[in-house]
Structure formats: structure tokens, C-alpha cells
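User: Hello! I am new to this structure and would like to learn how to read it feature by feature. Could you walk me through it?

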Amino acid sequence: MNYFEQENQSIEQEFDLDSILTFQLCHDIQIIRGEDFQYQCWIDHEAYGTALTPVGALVFGIKQFNDKP
């Protein structure tokens, strides 16, 4: 099982460039690689979305941020 390919397929389904561009105008977004070599998306100084790739962390982080109660 190739986890990078699996993540890329998920990103293709979730990625929406227009919504990402709009989102980044209103929020502070940082992608950081952690000690475990996975990427974390930090939005407005809170951690969201851990992934194997920076784009995955961005897409999943924004999704988790928007899905929070």
C-alpha cells in the first residue's frame, strides 16, 4: 500500500483552489513539518490537519477547521 498515492487521491477529491485562496485571505495559515516528518497545518495559531505532504496538510487542515463545531 502506497500511502502517498492514497493521500494524493484524497487530495484530488477535496482540493478546491478557489475556496483555498479565499480562505487564506482571512486566516493565518502555516504548514510545519513535525518531528515525525509529517506535516501539520496551523490555522490562526491552532493545529489542524496532519498529513504526509504539505498540500495534504493544507487541504485537510482547512477541512477540519471548517468542520469544527
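User: Let me begin with charges. Which side chains meet in a salt bridge, N to O?

Analyst: Please keep in mind that this is a predicted model. The general idea is that side chains of opposite charge can pair when their charged atoms come close. Here the partners are Lys63 and Asp67, whose side chains meet with 3.2 Å from N to O. A search of the whole structure finds one salt bridge.

User: Why are Lys63 and Asp67 separated by about one helical turn?

Analyst: Both sit in helix H3, and because they are four residues apart there, about one helical turn lies between them.

User: Now the inside. Which residues touch the most other members of the largest nonpolar core?

Analyst: The general idea first: in soluble globular proteins, nonpolar side chains tend to be buried together. In this model the largest nonpolar core has 13 residues, and Ile43 and Ile62 touch the most other members. Two or more residues each come from helix H2 (17–26), strand E2 (39–43), strand E3 (46–51) and helix H3 (54–67). H3 gives the largest share, five residues.

User: What does Ile62 touch, not counting residues up to four places away in sequence?

Analyst: With those neighbours set aside, Ile62 touches Ile20, Phe23, Ile29 and Ile43.

User: Let us turn to the strands. How do E1 and E2 run, and how many bridges join them?

Analyst: To read a pair of strands, look at their direction, then at which residues face each other, then at the turn between them. E1 and E2 run antiparallel and are joined by five bridges. Within this pairing, Ile29 stands opposite Ile43 in E2. Their hairpin has five residues between the strands, and Phe37 takes a positive phi near 65 degrees there.

User: How many residues lie between the strands in the hairpin of E2 and E3?

Analyst: That hairpin has two, and Asp44 takes a positive phi near 50 degrees in it. E2 and E3 also run antiparallel, with five bridges joining them. Gln40 stands opposite Thr50 in E3.

User: Where is Asp28, and what does it touch?

Analyst: Asp28 lies in the loop between H2 and strand E1 (29–33). Leaving out residues up to four places away in sequence, Asp28 touches Trp42, Ile43, Asp44 and His45. Its relative accessible area is 31%, so Asp28 is partly exposed. Asp28 and Gln13 are 15 residues apart along the chain, and their C-alpha atoms are separated by 24 Å.

User: Finally, the surface. Which residues make the nonpolar surface patch?

Analyst: Phe15, Leu17, Leu21 and Val55 make a nonpolar surface patch of about 340 Å². Phe15 is placed in the loop between helix H1 (3–14) and H2. With 39% relative accessibility, Phe15 counts as partly exposed.

User: How far apart are Glu46 and Phe15 in space, C-alpha to C-alpha?

Analyst: They are 21 Å apart in space and 31 residues apart in sequence. Glu46 is in strand E3, and its 44% relative accessibility makes Glu46 count as partly exposed.

Notes: Residues numbered from 1 in each chain as written. Predicted model: local features only at pLDDT ≥ 70, side-chain atom pairs only at ≥ 80, totals over all residues. Heavy atoms only, no water. Core = buried A, V, L, I, M, F, W, Y, C linked by side-chain atoms within 4.5 Å. Buried < 20%, exposed > 50% of the residue type's maximum accessible area, 1.4 Å probe, protein only. Contact = heavy atoms within 4.5 Å. Patch = residues over 30% accessible without salt bridge, like charges linked within 9 Å, V, L, I, M, F, W, Y side chains within 5 Å. Areas by Shrake-Rupley, 256 points an atom, 1.4 Å probe, with all protein chains shown as cover. Salt bridge = Lys/Arg side-chain N within 4 Å of Asp/Glu carboxyl O. Pairing = 2+ DSSP bridges.
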